[in-house]
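Welcome! Let's read a structure together, one feature after another.

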Amino acid sequence: MQLSSKLKVFIPMPDNNFPPKKDSPAEVLTGWGSLAVHGGHVKDPMYAHLVPIYASSTYVFDSAEQGMRRFDGTEEGFIYSRWGNPTIKEAEDKIAALETFQLGIEAKGILHASGMAAISTLMLATLKPGDKIISHFSLYGGTNELITKILPGLQITPVIIDMRDLQKTEDALKADPAIRMLYIETPANPTIQCVDIDELTKLAKKYNLIAACDNTFATPYLQQPFKYAVDYVVHSTTKFLNGHGTAIGGILLGKDVELMKTTMTKVHRTLGGNSNAFDAFLLIQGMKTLEVRMERHCHNAMEVAAFLENHPAVAKVNYTGLDSHPDHYTAMKQMRHPGAMLSFELKSGLKGGIDFMNKLKMCVRTVSLGTCDTLLSHPASMTHYSVPKEEKEKYGITDGLIRMNVGIENLQDIINDLRQSLS
Ligand SMILES: *Cc1c(COP(=O)(O)O)cnc(C)c1O
């Protein structure tokens, strides 16, 4: 008896507290970094400072009538965590706030289990048999597989061209009215090629296409695709948004909020590529430092590029911040800074690449990107080891090419490690 009366004290019911009031100062914030810290947050009914990890698959109804209202949408509230979850919602709202910062528009985000899950929802929700999707030839490997191997099984076929050539792109659109979506990724993984978001999405609208942009490499701090005629933005949140390499995740954002709430939500819920509260929590904490991390990443990357460019063992440096990069002007037109990713070519080829990788002391030998630590990979001996030489060359992957995610360590330590590994 005593226990149950105590329990009452311990369970402050959030009664009419739902949906929680938007008491965060997010609406009045003027700085991007402040929004990265506070955006999306709602006051927790239990007064927790940080959003709790809502590890609950279902949500209760006070009455059968409330259950009815939740299901028919007349009352906001959670029902089942594949459909939505409070921790996940905070991550979605934070990213949507950052992607639309000072644009005067709204967007809605749907968090997914991975970047690929978000991209799959986008394509399966918007394309139908007979449609075509046009894209630049340099794309993330998984996206490339999806549009060239999986979608064709559903009679959705790709048109892959060099989209840095605007005339060629327009010719392709003019020639083929079945093209329904223009899909871009800029900067692209792994080549760091950039395409012109403004010009390409103007073309997309001229030909009545859906325009989607993968903003993973830039993050909304460096580039806001919604500033242009982009309908959907996708991210692998696994990379810079999370920032610490602690969780796989992805997000699909759309600026037609109504469509996001209806069609896109329905497809997401049915395909089941939902995120989870724990990963969303890690993502939220990671994003709070996105501005300071990206500033440091980009500053270090510029300095590292300059160091490498002057090193006698290096044949070539590919960094969008250098005016030697063919996409330098495109990158600078649409990005705040040129980003944290670069690659460089060793004069000593395959053997030199392997030796260099083995000598690294602080920098980490691994694939992926977006973490605080500097990551280096050698495609010829790792990711692209089994790819035929001609195929590799098409993407500019030579035997001595090293790909680098420049981290946020102290610059001198990164340069010292590179210098001793190059010697
Ligand atoms: C990593 C990555 C993806 C895929 O994301 P996952 O989270 O690994 O599914 C998509 N696009 C780009 C540009 C990426 O770098």
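**Reading the model**

A: The protein exposes about 19,400 Å², and carbon and sulfur atoms supply 56% of that; accessible areas come from the Shrake-Rupley method with a 1.4 Å probe, and for residues only the protein chains shown count as cover. This is a predicted model, where local features need pLDDT of at least 70, side-chain atom pairs count only at pLDDT 80 or more, and totals for chains, interfaces and linings use all residues. Residues are numbered from 1 along each chain as its sequence is written, and side-chain values use heavy atoms, leaving out hydrogens and water.

Q: What share of the residues of the protein count as buried?

A: Buried means under 20% relative accessible area (1.4 Å probe, protein chains only). Here, 51% of the 423 residues count as buried.

Q: Which residues are closest to the ligand?

A: A residue is near a molecule if one of its heavy atoms lies within 4 Å of it. In this model 14 residues surround the ligand, the closest being M116, D214, S236, T238 and K239.

Q: Where does the ligand have an oxygen atom 2.8 Å from an N or O atom in a side chain?

A: A polar contact is a pair of N or O atoms within 3.5 Å. For the ligand, that 2.8 Å pair involves the side chain of K239. Ligand oxygen also lies 2.9 Å from a polar backbone atom of G115, and 2.9 Å from one of M116. The protein covers 93% of the 380 Å² of accessible area that the ligand has on its own.

Definitions and conventions
A polar contact is a pair of N or O atoms within 3.5 Å; within protein, one must be able to donate a hydrogen and the other to accept it, and residues adjacent in sequence count only if both atoms are side-chain atoms. Buried means under 20% relative accessible area, exposed over 50%, partly exposed in between (1.4 Å probe, protein chains only).
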